[in-house]
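Subject: The model we talked about

Hi,

Here is the structure I promised to pass on.

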Number of protein chains: 4
Amino acid sequence: MLRYLTSGESHGKSLLAILDGMPAGLHVDKAGIDNELRRRMLGYGRGKRMAIESDKMQVLSGLRRSVTIGSPIALKVDNADSSIDSLPVVLNPRPGHADLIGALKYGLGDVRSVLERASARETVARVGVGAICKQLLDEFGIRIASHVIVIGGIAAETRKLPFSRIVQQAEKSPVRCADRVASELMCIEIDNASGERDTLGGAFEVIVKGVPPGLGSYAQWDRRLDALLSRAVMSIQAIKGVSFGSGFEVAILRGSKVHDEIFYSRNKGFFRKTNNAGGLEGGMTNGEDIVLQAAMKPIATLRKPLASVNIRTKESIKATVERSDVCAVPAAGIVAESAVAIEVANAMIEKFGGDSVAEMKRNYDGYLKQLRKI
Amino acid sequence: MLRYLTSGESHGKSLLAILDGMPAGLHVDKAGIDNELRRRMLGYGRGKRMAIESDKMQVLSGLRRSVTIGSPIALKVDNADSSIDSLPVVLNPRPGHADLIGALKYGLGDVRSVLERASARETVARVGVGAICKQLLDEFGIRIASHVIVIGGIAAETRKLPFSRIVQQAEKSPVRCADRVASELMCIEIDNASGERDTLGGAFEVIVKGVPPGLGSYAQWDRRLDALLSRAVMSIQAIKGVSFGSGFEVAILRGSKVHDEIFYSRNKGFFRKTNNAGGLEGGMTNGEDIVLQAAMKPIATLRKPLASVNIRTKESIKATVERSDVCAVPAAGIVAESAVAIEVANAMIEKFGGDSVAEMKRNYDGYLKQLRKI
Amino acid sequence: MLRYLTSGESHGKSLLAILDGMPAGLHVDKAGIDNELRRRMLGYGRGKRMAIESDKMQVLSGLRRSVTIGSPIALKVDNADSSIDSLPVVLNPRPGHADLIGALKYGLGDVRSVLERASARETVARVGVGAICKQLLDEFGIRIASHVIVIGGIAAETRKLPFSRIVQQAEKSPVRCADRVASELMCIEIDNASGERDTLGGAFEVIVKGVPPGLGSYAQWDRRLDALLSRAVMSIQAIKGVSFGSGFEVAILRGSKVHDEIFYSRNKGFFRKTNNAGGLEGGMTNGEDIVLQAAMKPIATLRKPLASVNIRTKESIKATVERSDVCAVPAAGIVAESAVAIEVANAMIEKFGGDSVAEMKRNYDGYLKQLRKI
Amino acid sequence: MLRYLTSGESHGKSLLAILDGMPAGLHVDKAGIDNELRRRMLGYGRGKRMAIESDKMQVLSGLRRSVTIGSPIALKVDNADSSIDSLPVVLNPRPGHADLIGALKYGLGDVRSVLERASARETVARVGVGAICKQLLDEFGIRIASHVIVIGGIAAETRKLPFSRIVQQAEKSPVRCADRVASELMCIEIDNASGERDTLGGAFEVIVKGVPPGLGSYAQWDRRLDALLSRAVMSIQAIKGVSFGSGFEVAILRGSKVHDEIFYSRNKGFFRKTNNAGGLEGGMTNGEDIVLQAAMKPIATLRKPLASVNIRTKESIKATVERSDVCAVPAAGIVAESAVAIEVANAMIEKFGGDSVAEMKRNYDGYLKQLRKI
């Protein structure tokens, strides 16, 4: 079983994670981790913070000569600005953030003590964990990608694009959108919102290719992989909705248009010609791509600040302006890739056991043969 | 900490649940549990199964003279039809169900052994657990309701209705829809789909009223209450999407239109005039109603069956017709009320500790006073 | 991952368990389960309760034609006496039981509401779960036995007996002691204690034969198998100590006399000539028998009752006499077999994954080959 | 709920821990943490490693101006020697260590990759976590101490000493033994063993003073505090036995001599005159001191090495000599203080909820009043 905990504040010394349960024998490519951190920082519409941080991941344990040995893996990224102790008191909570409620819940007189941890800066640690999980999945030919499908009302049309094109075009787009026209319109919309000192949300899609059928289970409610993926993605800061395959459209379609008919061929085994289920039936992967969407609310820190209340004096006041991204949807997609990678890696380890990559592969190969023999 | 496991098959002897962690001193109203089971069976568009089962919950442990004593609570509903051992082999998996993948994963040569557990009949046990959690929440003035907002493309308009009206009108509607006109159209749409031997999905909303601010936490990814609620609701059979507050609409709105500004008055303390966040900020309740939506795919068993493959011969064939609901969205809403009740009850117990209801209330009252003093 | 919850009170309707995570394809022998329940009730020195209960386990879910299908398994034993609601109030807590503290903790005014769940009657459910785990382990040639090594100061000498003799002789002895002379002395000691209206404790040993090397892990504190076994056995009512192999004797021996030297032969692979470690090194099985001891305190209900205090009036008074076993050490050994079986089965499932017994065996065989190749 | 993960290897860069779930508002005394690390390194019979490491804990997250803010706390100690990548291959596994089995389990060709994590160096991280938990417990007047009761056959006599004397004398003794005469004999025994290039084990006791009644629960097997304490202490490297109160002596005593009779006075409430139960009845604290013992096997690395087998050539050979402590029982006691502190802190947080120390205290005070009113 994979487990991980993250820690760290936005202006604390470091962001950290400990990941327990990775099999031995995985060569960890540190440059690959840093590349994920870099992908997380990109995106048209990001603010100054991204410019001052150039995150490099330190791997403090769990590797010997760059290979996992079964030990827990510790990851650390130091903050360039670690002034948490000296930063001024914040009394004006920002609507849409944890600010007010965190102060009430934890009995804190300074919103600063809340926003430091509630900040999406935490996702640096999660992306590190996810990067290693991606490298494990890569051993099994499983690949994960994300692309932006909506920003501020501009929707992309990508349904007919194959996985490889989506990956390629999303990586090129400044907003990680695989539809070139939409990509340009999204940038314009970001400029417009920025000009009005407002912010934008959007939606992205995560796709997992090459996953075997039978991960997850319907046997108990909390073992369904769609439920676990949903928890993982919804736990990302500012995410307000998660859906699979055709998503909320299933609410308006008839059964005959939704369910993916089953076919069989000698070469492919069982297969589908459609994937409205998003690769998940009965809480399990069905061998098709996992496809999930998530909706992200607009950045809650506006340069044109919203009405708030001073938590000490109770006077009406404008919310604090803490930072100034206009839109972080592309970055959220990268974080979601990690969140998804961790869950899929965990499901693989649960199904194929294996204390080492070699053992896991042996068990995996045995399962693939079993599938052929049914 | 609340924990529960359910068990039972669709045509097995019984559906069961064990719920661990309920505080002592709660008077459990058995009629209240049975009422929830009854609500779960209703809904225009349900099939014959609902007619033969009239579920009554037996409470086999955890109570003394109807009051909890800190012991785990065991719940059991017997199936009227418990012919699991003699039912015929099923070889034609239904697209959209766990059928095919379950057989592959567990190495089963008979789809029957899959569909018996994967069936939504399991939710009887969950509704039982949820009913008890609702009774605990009731001690704190917390109430949970659901109503259907879409069936087969017919959308309800309920934004301006207060909680009490939504509850009242949903309970009266044959499809649990609080918009009377939409309710009628939904019934017609169900008749139409039925006539074409097709099925319908839809969407519903769950609302939690009276929840204090500060349940859940941003401190660690898996402690966010929105993530936990999302896992719980997504784990319900056929759910493909979950969202909070304004949901996927946040993808198209600007920040200034989304975030709920903060106000203060002596009487109410901190409050909001809008609730686009659906009562959750930073993974915590903010004191406003929790509002979540979920999308349900159409029933996967069609009387006009879809293309499938015989798992033994590999021949193309039509899927098995196992049962014949046309639409189960109203029932799914009831199940989701339970899933939500369990998570909120767990969050209450985690925050207010308390081995007894009296202790929990004492701690809760202390917290309410603390909130006033900030 | 195996998980289970038990429920039920001593004079409630039933004792129950739900076991989640058993692989599909295991033929469950119901007579084998009942045999374990019968073994649990035996033992010289047991009281009247054992005479009135002749427990039969009902399997309410998880099986189809006696074979597991991947679903959770529900077990139920009905109590012959289920008068919990009408039994009289108990105000005189028994020293050594949960009585007083349970009443304080849960805010209960009647000790009856505590002792009903705290009673060792609960172990019926655990023995049922353990019986199924034993049947899974049996598929891998793993066998578990227990024997009593001390009762009331009478110690058995069994170090030189092989596993098969210990099993055989313990099953024959009225106190489950494999040393015939000690067995007789123990019975006499029980009669003596009974004559003085006193009670006796003792110690037993659990042995697991045929376990592969490498279950458990040193990688994280809570993954060590000795720690998990310790938790499982210490959680049995009245157990006050747990040890492995040479146990507390390691405190007085030198390293050269304690550690089991390592040898190798073509036939056996790596092996030991001694087993002071009790089969566990670094929190992992080392391929030798797992050997653990546990100490059980004397039954806390004495017919010659101890000083206590009426919880309502606070007057000094004698403790309630609730039942009258003199010694339950042999039964505790049976319960511990189950507790151990569950942990070992879980460790097997974790290491070899496998949603079905066939898959698990394939992965297990692959691992055995890997061990030979090192 | 408190959770923690540790990571780090003996010659890796750092030892780390992330602790999740500490309430806000605790002033963390860093010198207090370092003092615990210092206590862990002391003890007559330790080797050279202790001389080169002078551990200082860095707190990388979770504090603001030395006060907890509800965020996870990250701890780090850097190793003076972090040459893990360049250290030579080890092929001769040491009996009694994880060496051989770890290599088999994880498919590692070099025992070095096992011993680096399996080493008791890991306990640095656990002692850091425990030190913070001790500081939380201190807010409630709960104190934890340990003292050595056996080394190499020399037993201490401390039954009549009060807690304060045990603490005082153990801190002065070079082997942390509160019996002055035994302390001297233990040192001599260590010298003797050292002269013969052998090693020694022993036993220690951990005492927790000031704990309220009602922590832990009998309601479910894995909620019993004695079971949880047992898991925590047994998970410490080289521990082979754990017992409570009178421990294994209960096997030879009659019930009338074991169970602690119950008394009541206006001032004290319910109390006992004896504590054979070690403060735990029915899996719950009973308000008396928690008293537990643990047996530690002798150090497994002997300068007079044991027989082993080269894992590559399979030739008989002597085990590797990796380091050279003769006896580490005093240090193990310190580690066990931490393991116990974490479990007790977790039980306090579970019972009293509380996101802040202030809230936890308010709830705690309410419970104390409830206890008086029964």
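Below are my notes on the chain contacts, the sheets and the helices.

First, the ground rules. This is a predicted model, in which local features need pLDDT of at least 70 and side-chain atom pairs count only at pLDDT 80 or more, while totals for chains, interfaces and linings use all residues. Residues are numbered from 1 along each chain as its sequence is written, chains are lettered from A and ligands numbered from 1 in the order in which they are written, and side-chain values use heavy atoms, with hydrogens and water left out.

**Chains A and B**

Chain B and chain A each bring 110 residues to their contact (contact means heavy atoms within 4.5 Å). Together they bury about 8800 Å², with 62% of it on carbon and sulfur atoms; buried area is the accessible area (1.4 Å probe) that two parts lose on being put together, summed over both. Trp221(B), Lys240(B) and Arg254(B) supply 10% of the area that chain B buries against chain A, more than any other three residues.

There are four salt bridges between chain B and chain A (a side-chain nitrogen of Lys or Arg within 4 Å of a carboxyl oxygen of Asp or Glu). One of them links Arg254(A) to Glu189(B), with the closest N and O atoms 3.2 Å apart. The side of chain B that touches chain A has 56 nonpolar, 31 polar and 23 charged residues. Here Ala, Val, Leu, Ile, Met, Phe, Trp, Tyr, Cys and Pro count as nonpolar, Asp, Glu, Lys and Arg as charged, and the others, Gly among them, as polar.

Strand β10 (residues 239-244) of chain A and strand β10 (residues 239-244) of chain B run antiparallel and are joined by three bridges. Gly241(A) has Ser243(B) as its bridge partner. Helices (H or I, at least four residues) and strands (E, at least two) are DSSP runs, numbered from the N terminus, and two strands pair if DSSP finds at least two bridges between them.

**Chains B and D**

What does chain B share with chain D? The contact takes 25 residues from each of these chains, and they bury about 1900 Å² between them, 30% of it on carbon and sulfur atoms. The count of salt bridges here is eight, including one between Arg3(D) and Asp222(B) at 2.8 Å, N to O. There are 16 residue pairs in polar contact between chain B and chain D. On the side of chain B that touches chain D, α10 (329-352) and α11 (357-373) of chain B are the elements that give two or more residues; α11(B) gives the most, with six residues. By class, that side divides into seven nonpolar, nine polar and nine charged residues.

Ten strands form an open sheet in the order β8(C)-β7(C)-β9(C)-β15(C)-β10(C)-β10(D)-β15(D)-β9(D)-β7(D)-β8(D), with antiparallel pairing. Its edge strands are β8 (154-155) of chain C and β8 (154-155) of chain D, each pairing on one side only. Within chain D, β10 (residues 239-244) and β15 (residues 290-296) run antiparallel and are joined by five bridges, where Ser243(D) is partnered by Gln293(D). Helix α10 (residues 329-352) of chain D packs on the sheet, touching β7 (143-151), β9 (202-209) and β15 of chain D, and its direction makes about 145 degrees with that of β7(D). Axes are lines fitted to C-alpha atoms, for helices over the stretch in contact, and angles run from 0 to 180 degrees between N-to-C directions.

β3(D) pairs with strand β6 (residues 73-78) of chain D over three bridges in the antiparallel sense, and Val59(D) stands opposite Leu75(D).

Happy browsing!

Notes:
Polar contact = N/O pair within 3.5 Å; in protein donor to acceptor, adjacent residues only side chain to side chain.
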